[in-house]
Amino acid sequence: MIAALNIPQGSLVYWFTNSTLSLIQLLLLSNPDVLEYFGLPKKNALAVAPTLKETGSTAGLADFTIVTKKGEISAQSLSPEELVSFAIKILTDGRKDHAIRLLRLALEKDPEHVRALLIMGQTLLQNKQFAEATDSLESAISKLLVAGYPTEVEEIDLLILSSQWAGIANVQQGKMEEGLVHLERIAQLEEPQDSKSKAHYYDGILILSSALLNVGRKAESMEYLQKAVAYNPAYSVYIESLENDSKDFAGDLANSRRDF
């Protein structure tokens, strides 16, 4: 494990800045628990995602319909939660622009909808719209923290996921210190008791470890890496990748998760 800290800095910069999007996507959206959390089908599941169709306007507002197997539905007629649900289904088909449109409408109807802000941020992050993704994710975080750190299981999970992606979004813009603020927030939380939240928590700890290593905070990076490996020994594979001066840590992670 000590050898991991002696990797040439250039390789670490390459890994963190170029592979992080792949890493976060694999860690979170390739995880069956996360797919279930967001209502997404697991890999190889048969599903037909809805599509969007322009219809003009309703009550002076631009409108479009969602075409499903059961018929067409006016987007304006749907609740924010229903819009988020359809957006998630559309994301399974890779149509991020359509999903973003539904999420924007959901947030127009309910600007306080944290789950919509989180999914919007994650979608914009995949779309490499880093600044807008940061705004969305940091808005979700501020709403979750308005009354202090949350205590409900779902809100804790939303805070962990929002903090992970906000950290990544900032790092992708070269704002390493701002990114670390979000990633270190995860470490400040108590280890969740809920199994799914706990898995997300340690994914965040692993990402924090890599970020700290990238800015030369080696002792802290070691501490968090050891903590992640203690929770999930499978993470030792990533240590081996770093020890071997791997420039494609995310690729190794992808190979280890092909069954998902």
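Me: Which helix is Gln122 found in?
Reply: Gln122 belongs to helix H5, which covers residues 114-126. Please note that this is a predicted model.

Me: Is Gln122 buried or exposed?
Reply: Gln122 is buried, because its relative accessible area is 6% and the cut-off for buried is under 20%.

Me: Which side chain does the side chain of Gln122 join in a polar contact?
Reply: The partner is Gln126, and the polar contact between the two side chains is 2.9 Å.

Me: At what angle do H5 and helix H7 pack?
Reply: The angle is about 30°, and the axes of H5 and H7 (residues 153-172) are 10 Å apart. H5 and H7 are therefore roughly parallel to each other, since angles under 35 degrees count as such. Their crossing is left-handed.

Me: Which residues in H5 meet H7?
Reply: On the H5 side they are Val114, Arg115, Leu118, Gln122 and Leu125; in H7 they meet Leu158, Leu161, Ser162, Trp165, Ile168 and Ala169. By class, this contact of H5 with H7 has eight nonpolar, two polar and one charged residues.

Me: And H6, at what angle does that helix pack with H5?
Reply: Helix H6 (residues 130-144) and H5 pack at about 155°, with their axes 8 Å apart. That makes H5 roughly antiparallel to H6, because the angle is over 145 degrees. The crossing of H5 with H6 is left-handed.

Me: Which residues make the contact there?
Reply: H5 contributes Val114, Leu117, Leu118, Met120, Gly121, Gln122, Leu124 and Leu125. From H6 come Phe130, Glu132, Ala133, Ser136, Leu137, Ser139, Ala140, Lys143 and Leu144. The residues of the contact of H5 with H6 divide into 11 nonpolar, four polar and two charged.

Me: Changing topic: where does Arg101 lie?
Reply: Arg101 lies in helix H4, residues 96-109. Arg101 counts as partly exposed because its relative accessibility is 31%.

Me: How many residues apart in sequence are Arg101 and Met120?
Reply: Arg101 and Met120 are 19 residues apart in sequence, and their C-alpha atoms are 9.5 Å apart in space.

Me: Now the chain: how many helices and strands does its secondary structure come to?
Reply: The chain has 12 helices and three strands. Of its 260 residues, 50% are buried.

Me: And what percentage of contacts join residues at least 24 apart?
Reply: The figure is 60%, taken among contacts in the chain between residues at least 6 apart in sequence.

Definitions and conventions: Residues are numbered from 1 along each chain as its sequence is written. This is a predicted model: local features need pLDDT of at least 70, side-chain atom pairs count only at pLDDT 80 or more; totals for chains, interfaces and linings use all residues. Side-chain values use heavy atoms; hydrogens and water are left out. Helices (H or I, at least four residues) and strands (E, at least two) are DSSP runs, numbered from the N terminus. Buried means under 20% relative accessible area, exposed over 50%, partly exposed in between (1.4 Å probe, protein chains only). A polar contact is a pair of N or O atoms within 3.5 Å; within protein, one must be able to donate a hydrogen and the other to accept it, and residues adjacent in sequence count only if both atoms are side-chain atoms. Axes are lines fitted to C-alpha atoms, for helices over the stretch in contact, and angles run from 0 to 180 degrees between N-to-C directions. Angles under 35 degrees count as roughly parallel, over 145 as roughly antiparallel, 65 to 115 as roughly perpendicular and the rest as oblique. A crossing is left-handed if the near helix is turned anticlockwise from the far one by less than a right angle, and right-handed if clockwise. Contact means heavy atoms within 4.5 Å. Ala, Val, Leu, Ile, Met, Phe, Trp, Tyr, Cys and Pro count as nonpolar, Asp, Glu, Lys and Arg as charged, and the others, Gly among them, as polar.
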